[in-house]
Amino acid sequence: MHDFCFTIPYGMILIGGGLIGYMKKGSITSFAGGAGTGLLLILAGYISLKAFEKKKNSYIAIVLQTVIAAALTLVMGQRYLLTGKIMPAGLVAGISALMTSFYVYKIATGGNKFPSKAE
């Protein structure tokens, strides 16, 4: 599976979560955090997709994705440990931990694989 296949939906989930946090609690911090990280992830996913279309890997995009997911894992994991609330801290920490693992795997295996041409 290619990184952008998961990164773009992951970014959209974060944006949606930030928007929901803003609508339910009026939290500008939730909106800014969710929208900011979500947009950066979507941008990184788009860069990776465009590089893939050229049969290249964008290591800048994969590193950016990894750093954002790891930071969210740490920040939201700490918030979950302090509050014990599954929503949103535990959920975001769990998803981000899975995504961090996926990105580290992609880096370790050399990035996206390109289909060989059938001849």
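The largest cavity in this predicted model is lined by Asp3, Ser48, Asn57, Ser58, Tyr59, Ile62, Lys106, Gly111 and Asn112. About 50 Å³ of space lies inside this cavity, and the structure holds one cavity of 30 Å³ or more. On a 1 Å grid over the protein atoms alone, a cavity is a set of points where a 1.4 Å probe fits but cannot get out, whereas a pocket is an open set with protein on both sides within 12 Å along at least five of seven lines; lining residues have an atom within 4 Å of a point. Grid points are joined across faces, edges and corners, and a volume is the space filled by probe spheres set on the points.

Residues are numbered from 1 along each chain as its sequence is written, and side-chain values use heavy atoms, with hydrogens and water left out. As this is a predicted model, local features need pLDDT of at least 70 and side-chain atom pairs count only at pLDDT 80 or more, while totals for chains, interfaces and linings use all residues.

Confidence comes next. The protein chain averages a pLDDT (the predictor's confidence in each residue, from 0 to 100) of 94, and 98% of the residues score at least 70.

The overall architecture reads α-α-α-α along the sequence, with four helices and zero strands in the protein chain. Helices (H or I, at least four residues) and strands (E, at least two) are DSSP runs, numbered from the N terminus. The C-alpha trace spans about 55 × 25 × 20 Å along its principal axes. Of the contacts (heavy atoms within 4.5 Å) between residues at least 6 apart in sequence, 68% join residues at least 24 apart. Buried residues make up 34% of the 119 residues in the chain; buried means under 20% relative accessible area, exposed over 50%, and partly exposed in between, with a 1.4 Å probe and protein chains only.

The unreviewed UniProt entry carries the annotation "transmembrane region" for residues 5-22, 28-47, 59-80 and 86-105. UniProt positions are given in the numbering used here, feature names are shortened, and annotations may be inferred rather than shown by experiment. In the model, residues 59-80 are 100% helix and 0% strand, with end C-alpha atoms 31 Å apart. Residues 86-105 are likewise 100% helix and 0% strand, and their end C-alpha atoms are 26 Å apart.

Helix α1 has 23 residues and reaches 33 Å from its first C-alpha to its last, close to the 33 Å expected at 1.5 Å a residue; the expected span is 1.5 Å times one less than the number of residues. Its buried residues are Asp3, Phe4, Thr7, Tyr10, Gly11, Leu14, Gly18 and Gly21, and these pack against α2, α3 and α4. Glycine 26, whose phi is positive, near 70 degrees, follows α1.

Tyrosine 10 counts as buried because its relative accessible area is 3%. Beyond residues up to four places away in sequence, tyrosine 10 touches Leu41, Ala69, Leu72, Ile95, Ser96, Met99 and Tyr103. The C-alpha atoms of tyrosine 10 and glycine 45 are separated by 9.7 Å, with the two residues 35 apart along the chain.

Helix α2 (residues 28-53) contains 26 residues and reaches 37 Å from its first C-alpha to its last, close to the 38 Å expected at 1.5 Å a residue. Buried residues of α2 include Gly34, Ala35, Gly38, Leu41 and Gly45, and what covers the buried residues of this helix includes α1, α3 and α4 (86-108). Lysine 55, with a positive phi near 60 degrees, follows α2.

Threonine 66 lies in helix α3 and is buried, with a relative accessible area of 13%. Leaving aside neighbours within four places in sequence, threonine 66 is in contact with Thr100, Tyr103, Val104 and Ile107.

Finally, the largest pocket holds about 850 Å³ of space. Its lining comprises 27 residues, of which Gly17, Gly21, Ser30, Met76 and Pro88 lie nearest the centre. Each of α1, α2, α3 and α4 supplies at least two lining residues, and the largest share, eight residues, comes from α1.
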